[in-house]
Structure formats: structure tokens, C-alpha cells
Amino acid sequence: MATIVGAFGTSHGPLLTLPPDQWHLREQVDRTRQHAFRGQTYSFDQLVALRASEGLGPQNRPETRAAYHARCQSQLDRLGDLALALNPDVLIVIGDDQHEWFPTGIQPAFTVFNGERALNSKYDLDKMKDWHVSRIMVEKFRHTEVDTYYDCVPDLANHLIAHAIADEFDVNACPQIPCDANGPIGLGHAFTFIYRRILRDRAIALVPILVNTFYPPNQPSAKRCYDFGKAIGRAIQSWDSGKRVALFASGGLSHYVVDEAW
């Protein structure tokens, strides 16, 4: 039977991949959004007013930004060291899809990719002008200079799907890379961040699992996700392969609104 040799979780938030002197680029995006905070939804300016008494200003000084950034990068390096030292045969990455693989027309609650290989598409410098991100953020921590394919493990993926269905989860099976008018669609940044930043391009065979954490009305509840995770664990341990399996959860608790107390 397969063995689970490790399980890890990491944020892939924008400030982990932007140099601290470029964090202001994200403000341009944040000002266009509504933000959830402690059960309510606010605009950027409303949040600034609401949290004025918290004294957050000093945390935005260049030297404080640099210190936070260094601490985060050190821990991301350590996470990669720990994962690579386990030398897994297979990597399962569970991440959110932010209208990347499923941009329109369909938004499954849970998807398991059971195709032969997945794509990390090359970065497009022209698109970056609209993303308010730096070249460093994209080329070092997300995408590659040329289209790069990662080998996947359909046998494990099909095993996971069958066991999830038996455990009464209606899982979407995705046997091929989705396409749009421009051709095959690359994996979302929840997945490429793990390969590029955490694993430093180590080509470990992959099973991507996508969760709709972002878009109503069919977001699975926290309890449903927890139960689904337990089902995945049971399925891996019953996979008759002798393989060493590691898991990564790639997401975050507060990408856009930091709430340290919570």
C-alpha cells in the first residue's frame, strides 16, 4: 500500500512573491475589491477607516516590510527543504482555482485531475501590466520561460475519485487539460507556486486537486473540506502501489486582509 510521508500547508499570497519594495503594487488591485473582515464586507477605504486605531502604519515602513519578507522567505525555504528531504514518489497538491482552469461556464466544488500531464504555461510579459505584479513574481515563483509539462499520476487520481464517490463526494473528474481560444490552459498559481518556489522546479509526479474556495454559490463548507481531506487520506493509504506520497495544501488564511489575532 502507499504511504503518506508528509503533509504541508502554505499560503501563496502575493506578498510572498513580491519584493517588499514593490508591495505597493497590490494596493492598486485591493482598491478595486470588496474585502471580507470579521463577518462583514468593506471597501479598501472603509477598512482603512475602520482599522485606523490599530496603528498599522509602522508595519508599512520599508525596514519592517523587509524584515517580514525575510522571515517568510526563510520559512518557505525550510518548507521546501523538509518536503524534498522526504523524497516522495508522488505529490498531491490541493489548491484553489481562481477562474484559471475553469474561467467560465463551470465551477466544480471539487475536481481531481486524472490526465497524463499538466501544463505550467510560459509567462506573458504583456499580461503582467494588467496584473500589477513584477517580473520577479511571475518568472521565479509561478510560471516558466517556456511551456513546461509536469507528469501526473492517473492511476492514483482515478483511485482517489473512486474512493471519494464511495464516500459520497460528487467529485468532478478532469481527464485532460482544459483549453480556451488560445489553446491549453496552464495550472493556476496555487499549483505552480509549489513547484517553482517551494520545490525549486523538482519534477515530482503530480495529482492536482482543485477546490472552489472563492466563488459562490457552490463553495464547499469548511466541514465539507475537512471531511474530504480525511477521505483523501483514506484513499491514499488504500492505494496498492508501495509509493511514497506527500501532500501540499496551497492557499492562505488572509491574503488581502491581515488579521493576526484571528
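Predicted model: local features only at pLDDT ≥ 70, side-chain atom pairs only at ≥ 80, totals over all residues.
Student: Which helix gives the most to the lining of the largest pocket?

Tutor: Helix 3 does, with eight residues. That helix spans 62–85. Strand 1 (3–11), helix 1 (25–30) and helix 2 (44–50) also supply at least two residues each.

Student: How do the lining residues divide into nonpolar, polar and charged?

Tutor: There are 19 nonpolar, 15 polar and eleven charged residues in the lining of the largest pocket.

Student: Now helix 7. How many of its residues are buried?

Tutor: Buried means under 20% relative accessible area. In helix 7 (residues 189–198), ten of the ten residues pass that test, so the helix is largely enclosed by the rest of the structure. Among them are Phe-191, Ile-194 and Tyr-195. Two arginines, Arg-196 and Arg-197, are buried as well. After helix 7 comes Arg-200, with a positive phi near 55 degrees.

Student: What do the side chains of Asp-77 and Arg-197 form?

Tutor: They meet in a salt bridge, 2.9 Å from N to O. Asp-77 lies in helix 3 and Arg-197 in helix 7, so the pair ties together parts that are 120 residues apart in sequence. Arg-197 is buried, at 7% relative accessibility. Asp-77 is partly exposed, at 33%.

Student: And which residue forms a salt bridge with Arg-196?

Tutor: Asp-201 does, with the closest N and O atoms 2.7 Å apart. Arg-196 is buried at 16%, while Asp-201 is partly exposed at 41%.

Student: How should I read a salt bridge inside one helix?

Tutor: Count along the turns. An α-helix has 3.6 residues a turn, so residues three or four places apart point the same way. Take Asp-227 and Lys-223, four residues apart in helix 8 (residues 222–237) and separated by about one helical turn. Their side chains meet in a salt bridge of 2.7 Å, N to O. Lys-223 is exposed at 59%; Asp-227 is partly exposed at 22%.

Notes
Residues numbered from 1 in each chain as written. Heavy atoms only, no water. Nonpolar A, V, L, I, M, F, W, Y, C, P; charged D, E, K, R; others polar. Buried < 20%, exposed > 50% of the residue type's maximum accessible area, 1.4 Å probe, protein only. Salt bridge = Lys/Arg side-chain N within 4 Å of Asp/Glu carboxyl O.
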